Amino acid sequence: MQKERPLSPHLQVYKPQLTSMLSILHRGTGIFLSLGAPFLVYWLAAIAGGPQAYEKVHTLAQNWFVTLLLLGWVFSLYYHLCNGIRHLFWDVGRGFDIEDLYKSGWMVLGAALGLTVLTVILAVGRMGGA
Amino acid sequence: MSLRSPLSKAVGLGSAGHGFSHWWWQRVTAIALIPLSIWFLVSVLSLIGASYNDAVVWLGSAFNATLMLLFVFAALFHGQTGLQVVIEDYIHTKWLNLSLLLLIKFAAAALALYAALSVFKVVLGA
């Protein structure tokens with residue numbers, strides 16, 4: 001692209017809708033999950049690295065900001081997973097009616113939030129028991 | 001009348017000639033990641049509060065090591081395809097576009113290798 005030309009679609013002229021918001025969220029969670037990949041590999045390397053390296057990850061995970069990141073990754077993984085399944089249905093040509101789009105959209109959002117809450121409850125329970 | 005098959009007319013189109021393969025492998029890894037992600041989340045949850053030795057024994061089993069590497073490889077490949085689309089959509093400065101595309105591909109390859117060597121080390125040591 002040689003010249004500054006307006007980008008389409010002009011997001012600012014659209015009313016925010018569930019469908020577009022969820023679409024943006026799919027991209028957003030995808031990018032955010034990619035940023036988590038180095039941390040996942042760092043964790044594996046720490047298990048290979050020995051007790052001291054592992055302890056360092058353990059301490060790091062208890063930092064409030066890192067805990068917040070982990071919570072974000074859990075929600076992102078659930079959301080991207082559920083909405084990804086919604087995408088796969090679209091890929092085979094199903095679920096394109098407006099009514100279905102909204103129904104599946106709310107289902108995906110509800111499932112992702114519900115699974116995140118369930119995971120947090122289970123995680124807190126395990127931490128308390130440890 | 002053309003004697004070319006419908007397939008030969010469709011293959012290799014698009015600006016880069018490999019758009020279908022990109023789309024296809026994104027779906028293949030997406031489907032693989034459905035069971036792998038669920039396994040990963042359940043595993044990490046069960047490892048909360050585990051000691052270092054528990055973690056080593058867990059990752060040292062050939063079964064868990066295999067699933068972990070499948071998860072990591074599928075996730076890195078899938079993430080790399082997704083980031084490529086985002087970069088192609090929003091970064092229109094030629095040199096920056098190319099640099100970022102190379103960066104995510106090199107980073108994915110390096111992370112995959114680092115993960116593989118780490119998991120191998122645990123499996124062989126356990």
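What pLDDT does chain B average, and what percentage of the residues score at least 70? Chain B averages a pLDDT of 92, and 94% of the residues score at least 70, where pLDDT is the predictor's confidence in each residue, from 0 to 100. This is a predicted model, in which local features need a pLDDT of at least 70 and side-chain atom pairs count only at pLDDT 80 or more, while totals for chains, interfaces and linings use all residues. Residues are numbered from 1 along each chain as its sequence is written, and chains are lettered from A and ligands numbered from 1 in the order in which they are written. For the complex, the predictor gives an ipTM of 0.90 and a pTM of 0.89.

**Figure 1. The helices of chain A.** Chain A has four helices and zero strands, where helices (H or I, at least four residues) and strands (E, at least two) are DSSP runs, numbered from the N terminus. From the N terminus on, its elements run α-α-α-α. The radius of gyration of chain A is 19 Å, well over the 14 Å that the globule rule gives for 130 residues, so the chain is more spread out than a compact globule; the radius is taken over C-alpha atoms, and the globule rule is 2.2 Å times the number of residues to the power 0.38. Along its principal axes the C-alpha trace of chain A spans about 55 × 40 × 30 Å. Of the 130 residues of this chain, 20% count as buried, a residue being buried if 20 or more other C-beta atoms lie within 10 Å of its own, exposed if 12 or fewer, and partly exposed in between, with C-beta atoms placed from the backbone.

**Figure 2. The helices of chain B.** Five helices and zero strands make up the elements of chain B, which run α-α-α-α-α from the N terminus on. Its radius of gyration is 19 Å, whereas a compact globule of 126 residues would have one near 14 Å. The C-alpha trace of chain B spans about 70 × 35 × 25 Å along its principal axes, and buried residues make up 17% of the 126 residues. Among contacts in chain B between residues at least 6 apart in sequence, 77% join residues at least 24 apart, two residues being in contact if their C-beta atoms, placed from the backbone, lie within 7 Å.

**Figure 3. The side of chain A that touches chain B.** In this interface, 29 residues of chain A are in contact with 27 residues of chain B. The elements that give two or more residues to the chain A side are α1 (18-49), α2 (51-61), α3 (64-91) and α4 (98-129) of chain A, and the largest share, 13 residues, comes from α1(A). The residues on this side of chain A divide into 21 nonpolar, five polar and three charged; Ala, Val, Leu, Ile, Met, Phe, Trp, Tyr, Cys and Pro count as nonpolar, Asp, Glu, Lys and Arg as charged, and the others, Gly among them, as polar.

**Figure 4. The largest nonpolar core.** A nonpolar core is a set of buried Ala, Val, Leu, Ile, Met, Phe, Trp, Tyr and Cys residues joined through C-beta atoms within 7 Å. The largest has 21 residues, and those with the most contacts inside it are Val41(A), Leu44(A), Ile47(A), Val72(B), Ala115(B) and Val119(B). The elements that give two or more residues to this core are α1 of chain A together with α2 (19-47), α4 (62-90) and α5 (94-125) of chain B, with the largest share, seven residues, coming from α1(A). A second, separate core of nine residues includes Tyr79(A), Leu81(A), Val108(A) and Ala112(A).

**Figure 5. Helix α5(B) and its packing.** Helix α5(B) has 32 residues and reaches 47 Å from its first C-alpha to its last, close to the 46 Å expected at 1.5 Å a residue, the expected span being 1.5 Å times one less than the number of residues. Its buried residues are Ala108(B), Leu111(B), Ala115(B), Ser118(B), Val119(B) and Val122(B), and they pack against α1 of chain A together with α3 (52-60) and α4 of chain B.

**Figure 6. Surroundings of Ile47(A), Ala55(B) and Gly60(B).** Not counting residues up to four places away in sequence, Ile47(A) touches Tyr54(A), Ala55(B), Val56(B), Leu59(B), Ser118(B) and Val122(B). Ala55(B), which has its place in helix α3 of chain B, is partly exposed, with 19 other C-beta atoms within 10 Å. Gly60(B) also has its place in helix α3 of chain B and is partly exposed, with 18 other C-beta atoms within 10 Å. Gly60(B) and Val122(B) are 62 residues apart in sequence and 5.4 Å apart in space, C-alpha to C-alpha.
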